[in-house]
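Subject: Model for your files

Dear colleague,

Here is the model we spoke about handing over.

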Amino acid sequence: MTTAPPFQPTPAHACADWVHAVDTDDMDVLATSQSGWQLQYEQLSGGPFQGCIRHIQLPGVRLVFESANQAMRQRGQIGSADYGFAMALDLGGEAIFNGQRLDLNTIMVGKGDKLDLCTPADFSMIAVVVSADLLQPLWERMYHKPLANWLDQQIVLHAQPAAVAALKALHLDAMRRAASFDQAAFESPACLQLRDDVLIEWIETLPPRVSTAELETVTARKQIVDRACEIMMSEPSETLSMLELCRQVGASRRKLSYCFQDVLGTSPAKYLRAARLNGVRRELKAARNGLHRQASISVQDVATRWGFEHLSQFSQDYKHLFGELPSVTLKMALKPSQGKA
């Protein structure tokens with residue numbers, strides 16, 4: 001069971017431009033509802049999806065809470081000129097950030113241009129995304145030196161449990177308080193003080209010494225995985241043997257499998273199947289929503305384009321992953337998505 005959101009949306013939030021709240025059974029809605037970010041989510045565990053997002057947009061800083069009941073891979077950008085700091089609140093299984101394992105006392109740190117996060121089922125996290133224009137002078141005032149170079153990497157850092165617990169409590173409380181602001185409070189010095197208090201707490205929770213010695217190996221493994229995924233998904237309708245994939249990637253079968261397990265927590269074959277099933281689902285939803293280029297479309301058409309030749313087995317796999325048959329995805333009436341409240 002994931003941690004409850006820091007606040008539930010009320011009608012008053014509809015007029016508060018700094019509050020964004022989404023509760024949805026559609027993973028793509030969760031990904032695309034986050035203003036200014038380019039994200040794509042893929043579901044990796046089986047069952048109907050439920051997720052929520054809470055954002056508080058303060059000047060130069062976005063406070064984030066996110067939770068989902070299914071395992072996912074999240075990829076994309078949260079701002080090439082921004083920095084992100086995040087940590088798990090609930091961690092019922094393996095979570096991996098850019099090839100590095102997480103625990104409840106680790107902090108994900110890095111530029112916002114290369115997010116790649118694999119999360120388990122029933123996962124929740126908090127994050128702060130800060131503009132470089134705000135972070136750089138604050139860092140210089142705190143430490144009397146320029147912004148650390150390792151902040152430009154994608155790195156997992158281990159923090160002290162007591163500091164982590166205090167930070168989690170402060171972050172969630174700040175989101176609750178900011179969600180209750182009226183316009184006057186939002187524009188007051190107290191709002192900026194709240195922002196600075198949270199941001200400074202995140203920075204001070206970082207360990208005093210940071211080593212990037214292992215990043216070279218992590219990056220090399222991730223490059224192999226990214227290249228393999230690019231090849232596998234470039235022509236999804238074609239069946240590519242593992243030997244041919246290894247040849248194109250330039251890695252042995254054993255090395256490729258090890259890299260996938262290390263970076264994504266699964267095998268190449270399992271990830272390819274899940275990624276293609278997610279591709280089918282997005283295309284079926286686009287057709288249902290009238291966004292597909294064809295006037296009409298069938299489940300078999302879409303499945304074949306994504307490399308599924310045996311419709312019966314495909315339908316079973318699809319239902320196992322998403323909790324419904326592909327025909328239901330295509331035919332069901334659109335539900336109004338719950339957006340900002």
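In what order do the strands of the seven-stranded open sheet run? The order is E1-E3-E4-E11-E6-E9-E12, with antiparallel pairing. Strands (E, at least two residues) and helices (H or I, at least four) are DSSP runs numbered from the N terminus, and two strands pair if DSSP finds at least two bridges between them. On average, neighbouring strands here are turned by 15° against each other, direction ignored; axes are lines fitted to C-alpha atoms, for helices over the stretch in contact, and angles run from 0 to 180 degrees between N-to-C directions.

Before the rest, the conventions. This is a predicted model, in which local features need pLDDT of at least 70 and side-chain atom pairs count only at pLDDT 80 or more, while totals for chains, interfaces and linings use all residues. Residues are numbered from 1 along each chain as its sequence is written, and side-chain values use heavy atoms, with hydrogens and water left out.

Six bridges link E1 to strand E3 (residues 51–58) in the antiparallel sense, and His20 has His55 of E3 opposite it. Helix H2 (residues 132–143) lies across E4, E6 and E11, at about 80° to E11.

A further open sheet has five strands, antiparallel, in the order E2-E5-E10-E7-E8. Its edge strands, E2 (38–43) and E8 (100–101), each pair on one side only.

Next, the cavities. On a 1 Å grid over the protein atoms alone, a cavity is a set of points where a 1.4 Å probe fits but cannot get out, and lining residues have an atom within 4 Å of a point. Points are joined across faces, edges and corners, and a volume is the space filled by probe spheres set on the points. There are three cavities of 30 Å³ or more.

The largest cavity has a volume of about 250 Å³. Its lining has 23 residues, with Ile78, Ala86, Leu115, Met125 and Ala127 nearest the centre. E9 (106–112) is among the strands that each supply at least two lining residues, and E9 gives the largest share, five residues. By class the lining has 15 nonpolar, six polar and two charged residues; Ala, Val, Leu, Ile, Met, Phe, Trp, Tyr, Cys and Pro count as nonpolar, Asp, Glu, Lys and Arg as charged, and the others, Gly among them, as polar.

The second largest cavity holds about 80 Å³. Its lining includes Asp25, Asp26, Asp28, Arg281, Arg282 and Lys285, and divides into six charged, three nonpolar and two polar residues. Helix H9 (268–288) and helix H1 (27–32) each supply at least two of the lining residues, with H9 giving the most, four.

Last, confidence. The chain averages a pLDDT (the predictor's confidence in each residue, from 0 to 100) of 91, and 94% of the residues score at least 70. Over residues 333–341 the pLDDT is below 50, although this stretch has 22 contacts (heavy atoms within 4.5 Å) beyond near neighbours in sequence. Where pLDDT is low, the predicted coordinates should not be read in detail.

Regards

Definitions and conventions: 1 Å grid on protein atoms, 1.4 Å probe; cavity = no way out; pocket = protein on both sides within 12 Å on 5 of 7 lines; lining within 4 Å.
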